[in-house]
Amino acid sequence: MSIIQDMLDDFDEYLERQRQKKELERSIKDSLEEDAKQYKEYLKHSNHIESLSEEHMYLRDALKDCTDGEASKALMLRLDKNILMLEGVEHSFFLLRESIRVKSGGWW
């Protein structure tokens, strides 16, 4: 009778370990999902790159008719480069924000 009781005790311990493992996995996943949500929100609200590229476009348009010659061409070229660079940075922020994910269905 003690062999059967030992087997039942072992099985109960196994089930308890499995329950604890599932609980730990769920807790970790919930924590990671909350962190991912917070990072996405942080990146969404801290990304002011779009407004910078818009300001450069406004500045370029405002200065276009104010100056002539080589200096004007150089300034417009520089502003165009800055606008393209800022749009690239904005896209990188978007990709970073969208890449934050939590794997599901397994141990991380």
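View 1. Aspartate 80 counts as partly exposed because its relative accessibility is 30% (buried means under 20% relative accessible area, exposed over 50%, partly exposed in between, with a 1.4 Å probe and protein chains only). Arginine 60 is partly exposed too, with a relative accessible area of 22%. The side chains of aspartate 80 and arginine 60 meet in a salt bridge, at 2.8 Å from N to O (a side-chain nitrogen of Lys or Arg within 4 Å of a carboxyl oxygen of Asp or Glu). This pair links distant parts of the chain, 20 residues apart: aspartate 80 is in helix α3 (residues 69-99) and arginine 60 in helix α2. Helices are DSSP runs of H or I with at least four residues, numbered from the N terminus.

The model is predicted: local features need pLDDT of at least 70, side-chain atom pairs count only at pLDDT 80 or more, and totals for chains, interfaces and linings use all residues. Residues are numbered from 1 along each chain as its sequence is written, and side-chain values use heavy atoms, with hydrogens and water left out.

**View 2. Glutamate 16 and arginine 19 in helix α1.** The two residues form a salt bridge, with the closest N and O atoms 2.6 Å apart. They lie 3 residues apart, about one turn of the helix. Glutamate 16 is partly exposed, with a relative accessible area of 32%, and arginine 19 is partly exposed at 47% relative accessibility.

**View 3. Glutamate 23 and arginine 26 in helix α1.** A salt bridge joins glutamate 23 to arginine 26, the closest N and O atoms being 2.6 Å apart. Because they are 3 residues apart in helix α1, about one helical turn separates them. Glutamate 23 is partly exposed at 37% relative accessibility; arginine 26 is partly exposed, with a relative accessible area of 45%. Salt bridges that share partners join Glu23, Arg26 and Asp30 into one network. The count comes to 6 salt bridges.

**View 4. Glutamate 13 and phenylalanine 11.** Glutamate 13 lies in helix α1 (residues 2-46) and counts as partly exposed at 45% relative accessibility. Phenylalanine 11 also has its place in helix α1, and counts as partly exposed at 46% relative accessibility.

**View 5. Confidence along the chain.** The mean pLDDT of the chain is 83, and 89% of its residues reach 70 or more (pLDDT is the predictor's confidence in each residue, from 0 to 100).

Methods:
Helices (H or I, at least four residues) and strands (E, at least two) are DSSP runs, numbered from the N terminus.
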